[in-house]
Amino acid sequence: RALSNSQPVMHAAQEHEKRENGDKSRSPRRHCHELDTADTESGLCAKDIFESRVNQVGHAYDDLICLPGQINFGVHDVVLESQFTKKIRLNCPIVSSPMDTVTEAAMAIGLALEGGIGIIHTSLSSEEQVKQVTRVKKYKRGFVMDPICIQQDMLVSDLLKLRAQCGFSGFPVTEDGKMGSCLIGLVTKRDADFAACPETTKVSEIMTKFDDLETAQEGIELKQANSILGESKKGKLPIINKECNLIALVARTDLLKHAEFPLATKDKNDKSLMVAAAVSTRLSDRHERVKALVAAGVDAICFDNRQGDNVEQQEIIRWTKREFPELQIIGGNVVTRMQAKHLIDCGVDALRVGMGIGSISDAHKDRGCGRAQASAVYHVAKLARAHGVPVIADGGITNPGQMVKALCLGAGTVMCGSLLAGTEESPGDYFYADSGKRVKAYHGMASSGVKGSVQDKGSLHKYLPYLVQSLKHGLQDIGAGSVRELHEQMETGRLRFELRSAAAQREGGIHGLRSFEQKLFST
């Protein structure tokens, strides 16, 4: 009993001695090592979040936040190169959605110049879709391939209205008022301004006739065209073929404001801009449309379905691969590994991921079928990566931060609809909403009657650099110098995430202000 009672005293003395002399069994070096390997690790890896057996919940981009890593490089060192398809690599991982309020030739040209790629929508006749693709493939820097032409019997008063409507000051005059027909003259702002009676005067009376025009033959290089304009002191130089048909137009104002585009997405062989086109599997002419698009030089075909795992799409993919083995084929849309596996087995070169999560979509509400986008991208990308098939994250993108998260979860590129709608290059005319803001119409392709509008975003060439710079800053904060390194960090578990509560999501946005104005781009 006496020995037992003395034990607490002995233990107390031993503890006091340890505090005085230090715990010899725990060296500072060992303690720091333990902190480095375990106690300093924060958050969860993607696998812990998306493959948890305990809490199988679908997650959207906003449910997640990427935890920062160590920065040992500058933002200018970040490389955004990524795979669009197996054989098409982009310098900018941004793809424009094949929607009739987002992508036609102007958007595809602008995006390709900036290093991305556009997908021409399928809500066109086969002939018109081919024309859109041809415009992109024939685009030459500094050359206007589709100038607005007029006929010589047009009244000057109508010319003035056209000038005010489209913003151009000079117009080629052709036999039938269309591009590609015989050039007979050119009318400029100065010609029209000095017309005595615009209501009765015809264009033929004031225009500079063909014999007095400075022209150049088809095949001329831009440098030569620039020299001719400089020597002649003319504002416009028509480019014609041997039959005197108008082929293109070079404008001095375009040359003065033209910028180089070193990151442009170009074909390695003929240096033309690259472009993709969508084809709906529901179209009766889908086989003939694919043939026509291939003949026009399209670089990739995107088969367009809300739910891509269907026998029609599987049939057209197999047929296209047999007929055109080198053509890049994008399948989708898919959101599960099983869907992805079926299309991969058919031979797709990329997968489009997303179902019912676009800003204009009501599919989840009306059909009760789909998947949260962050979960869909992670699971499909994991399977596709094992087969060497790139993934395009399609939908749910409303800001650059969500684009970063899509890439973090395994996507090679990000497809944008509403984010690019409203730029000058998107189809449609601007109008003023009741609020007084300048907007463009925007609506879905498969949604039931959902229509809206998006704010004017100005030129794509001013807006896209903002998105690109945001992507670079996001990767730098994470500690990844490239998209490839980002994917490697995700696969190995070094890239860490945290799930956010509703309060955390509010905290992560602008809050606590009575009013604010946020300008993300120049308009």
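Which residues does L420 touch, leaving aside those up to four places away in sequence? In this predicted model, the list runs to I94, V95, S96, V102, M107, L111, S426, L460, Y463, L464 and L467. L420 also belongs to the largest nonpolar core, a set of 93 residues. I94, L351, L409 and L464 join L420 as the residues with the most contacts inside that core. There is a second core as well, separate and made up of 15 residues, with F84, A278, A300 and C302 among them.

Helix packing comes next. Helix α16 (residues 400-408) and helix α18 (residues 483-492) have axes that come within 9 Å and cross at roughly 60°. The two helices therefore count as oblique to each other. On the α16 side, the contact is made by V404, L407 and C408, while α18 brings in V483, L486, H487 and M490. Sorted by type, the residues of this contact are 6 nonpolar and 1 polar, with no charged ones.

Two single residues round out the picture. Q132 sits in helix α5, which covers residues 126-137. Beyond residues up to four places away in sequence, Q132 touches E104, A105, I120 and L124.

E221, on the other hand, is found in the loop that links β10 (216-217) to α9 (222-232). With 52% relative accessibility, E221 counts as exposed, because the cut-off for that is over 50%. E221 and F143 are 78 residues apart along the chain, and their C-alpha atoms are separated by 9.7 Å.

Key: Residues are numbered from 1 along each chain as its sequence is written. This is a predicted model: local features need pLDDT of at least 70, side-chain atom pairs count only at pLDDT 80 or more; totals for chains, interfaces and linings use all residues. Side-chain values use heavy atoms; hydrogens and water are left out. A nonpolar core is a set of buried Ala, Val, Leu, Ile, Met, Phe, Trp, Tyr and Cys residues joined through side-chain atoms within 4.5 Å. Buried means under 20% relative accessible area, exposed over 50%, partly exposed in between (1.4 Å probe, protein chains only). Contact means heavy atoms within 4.5 Å. Helices (H or I, at least four residues) and strands (E, at least two) are DSSP runs, numbered from the N terminus. Axes are lines fitted to C-alpha atoms, for helices over the stretch in contact, and angles run from 0 to 180 degrees between N-to-C directions. Angles under 35 degrees count as roughly parallel, over 145 as roughly antiparallel, 65 to 115 as roughly perpendicular and the rest as oblique. Ala, Val, Leu, Ile, Met, Phe, Trp, Tyr, Cys and Pro count as nonpolar, Asp, Glu, Lys and Arg as charged, and the others, Gly among them, as polar.
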